[in-house]
Amino acid sequence: MSQLTGGPPSDGEPRQTGRAGGPEDAERWRGVERGLLRMRRTLLTAVSVPLAVVLGPVLWLTAGPWWAVLAAAPAASALWGWRAIARNWASWRYSERDDDLLIERGVVWRGLTVVPYGRMQLVEVTSGPLERHFGLARVQLHTAAATTDAHIPGLAPEEAERLRERLTELGEARSAGL
């Protein structure tokens, strides 16, 4: 399914970005790992289920049975969040081009970040305890601009390392030419 219609990205397939011309303008987009979806849904469940379980009896005992219905709010929010997390996960993708890296994300507020290789100063790979549990890593790009927040979450550690090495190599080659 095309990314333009909201389908999840498939790794390595050329895709139309919808921003220019015909099929010759197709980019090679890569999505993030499914582990990111599982991690975010686990966090959602870990917060909303205990909240609903504790809130129901507390409201019942302190305010009465009608107020205990408010305990359904965290459950309803979790159901909505389950789908929202999936849509957000499907929106993350990146493309390595000849001169720059494209990072696209977002469902309601879409964003496209273009990072020229020659502007990169530092590329770091991080992975917190929860990310390591789910087999994920994050690539953070630092450029000369203070406002740059270019990062790609939810990559396999091997892919994150490969991307870091490639971006560092290209960044050194491009900046040497300046």
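Residues are numbered from 1 along each chain as its sequence is written, and side-chain values use heavy atoms, with hydrogens and water left out. In this predicted model, local features need pLDDT of at least 70 and side-chain atom pairs count only at pLDDT 80 or more, while totals for chains, interfaces and linings use all residues.

Helices (H or I, at least four residues) and strands (E, at least two) are DSSP runs numbered from the N terminus. Two strands pair if DSSP finds at least two bridges between them. An open sheet of four strands has the order β3-β4-β5-β6, and its pairing is antiparallel. Since β3 (30-31) and β6 (111-116) stand at the edges with a single partner strand each, one side of each is left without a neighbour in the sheet. Two bridges connect β3 with β4 (residues 93-96) in the antiparallel sense; Arg30 has Tyr94 as its bridge partner in β4, and Gly31 has Arg93. Four bridges link β4 to β5 (residues 100-105), again antiparallel, with Glu96 opposite Leu101 of β5. The hairpin that joins β4 to β5 passes through three residues.

Arg93 also takes part in a contact with a ring: its charged end sits over the ring of Trp29, 4.0 Å from the ring centre. A charge sits over a ring if NZ of Lys or CZ of Arg is within 6 Å of the ring centre and within 35 degrees of the ring normal.

A second open sheet, of three strands, has the order β7-β8-β9 with antiparallel pairing. Here β7 (120-126) and β9 (150-155) stand at the edges, each with a single partner strand, so one side of each lacks a neighbour in the sheet. Strands β7 and β8 (residues 137-143) run antiparallel and are joined by six bridges, and Met120 stands opposite Thr143 in β8.

The axes of helix α1 (residues 34-63) and helix α3 (residues 72-91) come within 9 Å and cross at roughly 170°. Axes are lines fitted to C-alpha atoms, for helices over the stretch in contact, and angles run from 0 to 180 degrees between N-to-C directions. The crossing makes α1 roughly antiparallel to α3; angles under 35 degrees count as roughly parallel, over 145 as roughly antiparallel, 65 to 115 as roughly perpendicular and the rest as oblique. Residues making the contact (heavy atoms within 4.5 Å) include Leu37, Leu44 and Leu51 of α1 and Trp82, Ile85 and Trp89 of α3.
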